Structure formats: structure tokens, C-alpha cells
Amino acid sequence: MKKMVVVLISMVLLQCKSNVNQSNINNLDEMLIAKGNLYGAGAEGIKKQNEIITNTEEWSSLMSKMDTVNKVSEEFSETDIDFSEYSIIAVFDEVRNSGGHGLDLEIIRNSEDIVIEVIYDGPEGNATMVMTQPFYIAKIKKQDLPITFK
């Protein structure tokens, strides 16, 4: 009887471990570079967009635009990207009339593509009366799969 209990517990534990490992295969690790808000009331000239950046020129251009009003890029975790190894995912919301807005991403790889789900977060209760534009910038390892936004 004792042996049977040990075998059953072992099978359950192995099954749980297998499920955890399988879910990690489908999640694509991202490295957050910056998340926050632009405060230029749209003066940066960045419209609501989901962008994939694959080279230094595009990356430099985006950082210049973001730095138009405030030096936002000074707060990035890194700015020197090896584009032979990584791509940048840059997501911008529309300019908002109040604070408290934000973005998050969920990035999942499947057999056909990489799906990036953009999650919009709004203020609850009273919000500051300042114009903001939420953004989220991350780098991911280069993949051969196409990237789609949801």
C-alpha cells in the first residue's frame, strides 16, 4: 500500500512539473527596456502604434522622438541594442487627457507566429489632470516567426 501511494504521488508531481515546463516553452521571454508615459501632450509626434524595430537607425529615431520634450531615454534600462540578436517591441497608446493610464504586454510564441497581446490599463477613481501617452518598450530574441499584435 505504501509503495502505491508513493508511486501515485510521484506520478502527480511529474505531471505537474511537465505542465509547468510545457507552458514555459510557449512563453517568449522579454526584457523590459522602459515602461511609462510621455508628458509632451503629443509634441513628440508619436501616434498610437505597435512597432517592431530591427535596426539601429529606427531605434535611434524613436529615442530622438521620445526625447523631444523630456529626456525619457535616460531612464531606459539599456539603449545599446545588438540587432543581430534582438528585436525591439515598442507599443504606444494614444495621448490621454488624464494620468493613470498604462500598458502591459503578454508575449506568447506558438508554432505559427509570436502573438503580442497589448493590455490597456485605465485609471480607477480620480486621475491627475495631465496629458499622458503610455508606452511599453521591450526587447526579444530574434525569431524566424512573424510577429502579430492582438
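1. Two strands pair if DSSP finds at least two bridges between them. Keep that rule in mind for the sheet below. The model is predicted.

2. Start with the sheet. Four strands form an open sheet, in the order β1-β6-β3-β2, and their pairing is antiparallel. β1 (30–38) and β2 (49–53) stand at the edges. Each has a single partner strand, so one side of each is left without a neighbour in the sheet. From one strand to the next, the twist averages 15°.

3. Now take one pair. β1 and β6 (residues 133–141) run antiparallel and are joined by eight bridges.

4. Step back to the whole chain. It has two helices and seven strands. From the N terminus on, the elements run α-β-β-α-β-β-β-β-β.

5. Which residues have the most contacts inside the largest nonpolar core? They are Trp-59, Met-66, Phe-76 and Ile-137, in a core of 19 residues. β1, α2, β3 and β6 are the elements that give two or more residues to this core.

6. Setting aside neighbours within four places in sequence, Ile-137 is in contact with Leu-32, Ile-33, Ala-34, Trp-59, Met-66, Phe-76, Ile-88, Ile-89 and Ala-90. There is also a second, separate core, of eleven residues. Ile-89, Leu-105, Ile-107 and Tyr-136 are among them.

7. Is Gly-99 buried or exposed? Buried means under 20% relative accessible area. Gly-99 has 5% relative accessibility, so it counts as buried. Gly-99 sits in the loop between β3 and β4 (102–109). Along the chain, Gly-99 and Pro-134 are 35 residues apart, while their C-alpha atoms are separated by 9.2 Å.

8. Last, the surface. Of the 150 residues in the chain, 32% are buried. The chain exposes about 9,400 Å², and carbon and sulfur atoms supply 52% of that area.

Note on methods. Residues are numbered from 1 along each chain as its sequence is written. This is a predicted model: local features need pLDDT of at least 70, side-chain atom pairs count only at pLDDT 80 or more; totals for chains, interfaces and linings use all residues. Side-chain values use heavy atoms; hydrogens and water are left out. Buried means under 20% relative accessible area, exposed over 50%, partly exposed in between (1.4 Å probe, protein chains only). Accessible areas come from the Shrake-Rupley method with a 1.4 Å probe; for residues, only the protein chains shown count as cover. Axes are lines fitted to C-alpha atoms, for helices over the stretch in contact, and angles run from 0 to 180 degrees between N-to-C directions. A nonpolar core is a set of buried Ala, Val, Leu, Ile, Met, Phe, Trp, Tyr and Cys residues joined through side-chain atoms within 4.5 Å. Contact means heavy atoms within 4.5 Å.
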